[in-house]
Amino acid sequence: MADRYDPHAIEPKWQARWEADKLYRAPDDDPRPKWYELAMFPYPSGDLHTGHWYHYSGADAHARYMRMQGYNVLYPMGFDAFGLPAENAAIKHGADPAAWTKTNIENFRRQFKMMGSSFDWDREVVTSDPDYYKWTQWWFLQLYNRGLAYRAAAAANWCPGCQTVLANEQVVGGRCERSDDVVERRFLTQWFFRLTAYADELLEFKGIEWPERIRAMQTNWIGRSEGALLRFPVEVDGAVEQLAVFTTRPDTVYGATFMVIAPEHALVDRITTPGQRDAVDAYREAASRQTEIERMSTEKEKTGVFTGGYATNPFNGARVPIWIADYVLVTYGTGAIMAVPAHDQRDFEFATKYALDAIPVFTHPDVDITRPLAAAFSDGLAMVNSGPFDGTPAAEAKARVTAHAEANGIGEGTVNYRVRDWLISRQRYWGAPIPMIHCPEHAIVPVPESDLPVRLPENVTFEPTGQSPLTLIDEWVNVPCPIDGGPARRETDTLDTFMCSSWYQMRYVDPHNPERPFSQALAHKWLPVDQYSGGADHAVMHLLYTRFFWKAARDMGLVEGDEPMLRLFNQGTLLGPDGQKMSKSRGNVVAPDGEVAKHGADAFRCQLMFVGPWDQGGPYNPTGMAGIVRWLHRAWSLVTDHVSFVTAPDSEGARDLRRATHKTIREVSEDAEQFRFNTLISRLMEHSSLMQRARDAGAVDRGAWKEALDATILMMAPLAPHIAEELWARAGNRYSVHVAPWPSFDPALARDEQVEVVLQVNGKVRDRLLLPAEATEADAREAALASPRVQEWLQGKEIRRFIYVPGKLLNLVVS
């Protein structure tokens, strides 16, 4: 009797062999065409969870498939190692962030290798290693030297109890998660990258295959709006200043009955009258306790307070009261808006609540503008109540009003963006120090490149308040000025961890270069990334930031092309068996190590890929594991069980087996290209069952069986790499299956013998017919007209035309 499939015996064996042989190393001098496959690297938080396995199993399968297609595949892995969780662990448990991170990375490596991943570990990067963040700091200096990095005031979450800035994740219900103090919004001087310099180019997605929803999310996030910047004079302290507002509707300026500025706007203190001071101060205090998300919520009732100040409408000289309201953000646009209640529903509701006027400035066929409005209306026919513009058709209104503003120096046409520059300062310890020095004599001075990296001090003490230790270490903070050696202080902010991940794909091509971030020769060879994968939740942060970073690097002459990743696939979300997001509190977490201990890594990989469409995810179904295990045992038996052979290549059985094999190769190849792993596994299950039936039915043609067996093992290899390697060796083939060529198919043999053609009458399905694959349109028409079900719908009707989609559909248009 043949030996049984035992994953716990074969998986460690092959993992050790692959590592010893460096089977998955991508040589830089390999003459084969390159393929750069990259999966988003993880944050080493403790253990690889099932969601990690779901992502990396699919990405690994595709990388293996491309390797078998004859490419020199670069498939690296590293760790996004800086970040808040390590710092929180240090504060909570007294752990050293570096040691905590190192322990977690070692565990991740163990689990990745247990998974059977085909990473080139020689190229590993760890973003918290000085050899890596030296170059992260170098990138900061390049951006600074080109005017793409700057300092400015920005709102931050401030805990008065801890006396420190909090990340959004540390604010729970408006309170500090550690001290329970009410969190305030304060303006601090912080560092930014000028993302908006590339806003227009970031709206273009030429030459890349990215999911439409990612493109739409980035487009909406950037939020390009064409309009006008209008200036309203405001009397302040006896002088006249200009209050600038951006509007997409300059044609409604005559209907502006009030202005709204952000509570944090610089004008608030100066225009607020004594009688309104208490109300304004109380409102600003309340607004400071809200996050921007809370303030912008469409479900939140709009509130505001009159400042007592007025602006002057530059078009008609009308006095316009100035209010403050929390739904206007100082960080968006100019921090001020003109409110037109007649033509904006939000403004209408605000005006109704506070008894402010609503003046329509357009006619509308369905609205009586001589009576009080019941609601705002956005569009109209022609301008009214607009002085010299009365009668102007709506289609010409924006251009004419904007031209008037420009001619009279009271405004100009412009483009505004919803996206803001990238705030990259973090008032934390566990991150790459920003390489800048503050000098009393020379202001801000970059750290010389020869002095990089600016290393994080080690063995620091964390205060219970969470205040960054960097601010407390005098010997680290106090340094000589690089210009004259005078006393100066280091920047104590660290870099946003998204900066580390914005260029990591570049470092992988030359990860051990001590002289530069990467050699341009290797960048030319490997970049850009051919296939990227990861979660769609990174759409408007990492995926946007890395595109910005790449374009800046291109303009520095460091990389070629306009985009960093040519093709992007997003995996869906893997849910618990109950259909809910996995969490310990729900008790629905599936632990990978436990599943591997029971069934083996190959079975767990395949079970995850069999959950459903990879880009959609779905609930993990533990009962489905039995089917996967049966399939793997069946595949094992195809090699190890006895087969009776004959030499009969022209027999019907041999022809059927060969047709099934070539059709499976064709379909599986299409599935592998598109990450359709669930249907790919289903096809392999079906084919292995067919082979089992052919074997059990009697003698099988030796050539057809060998072809089918080798093809089956080769197609299994990307999904279940360990068992495929073992079966490949037992079938008498040369090591390794993972560098063997992907099986090819004969189109004539792979062609469907029959196709199902849907028959429609006036677009409604009336029948389905099986026709020979080579059937012509004439054949399909003849079959349709002979169908009794179709005939029922043709009684008393005349066929006007036929619409034929070859091999799929025939629609009869009748009347």
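How many nonpolar, polar and charged residues are in the lining of the second largest pocket? By class, ten are nonpolar, three polar and eight charged; Ala, Val, Leu, Ile, Met, Phe, Trp, Tyr, Cys and Pro count as nonpolar, Asp, Glu, Lys and Arg as charged, and the others, Gly among them, as polar.

The model is predicted: local features need pLDDT of at least 70 and side-chain atom pairs pLDDT 80 or more, while totals for chains, interfaces and linings use all residues. Residues are numbered from 1 along each chain as its sequence is written, and side-chain values use heavy atoms, without hydrogens and water.

On a 1 Å grid over the protein atoms alone, a cavity is a set of points where a 1.4 Å probe fits but cannot get out, a pocket is an open set with protein on both sides within 12 Å along at least five of seven lines, and lining residues have an atom within 4 Å of a point. Points are joined across faces, edges and corners, and a volume is the space filled by probe spheres set on them.

| Space | Volume |
|---|---|
| Second largest pocket | about 410 Å³ |
| Largest cavity | about 70 Å³ |

The pocket has 21 lining residues, with A98, S128, D129, P130 and W430 nearest its centre. Helix 4 (97–115) and helix 5 (130–145) each supply at least two of the lining residues; helix 4 gives the most, seven. Helices (H or I, at least four residues) and strands (E, at least two) are DSSP runs, numbered from the N terminus.

The whole structure holds three cavities of 30 Å³ or more. Residues lining the largest cavity include R185, F187, E264 and R295. Strand 7 (184–193) and helix 10 (292–296) are the elements that give two or more residues to that lining.
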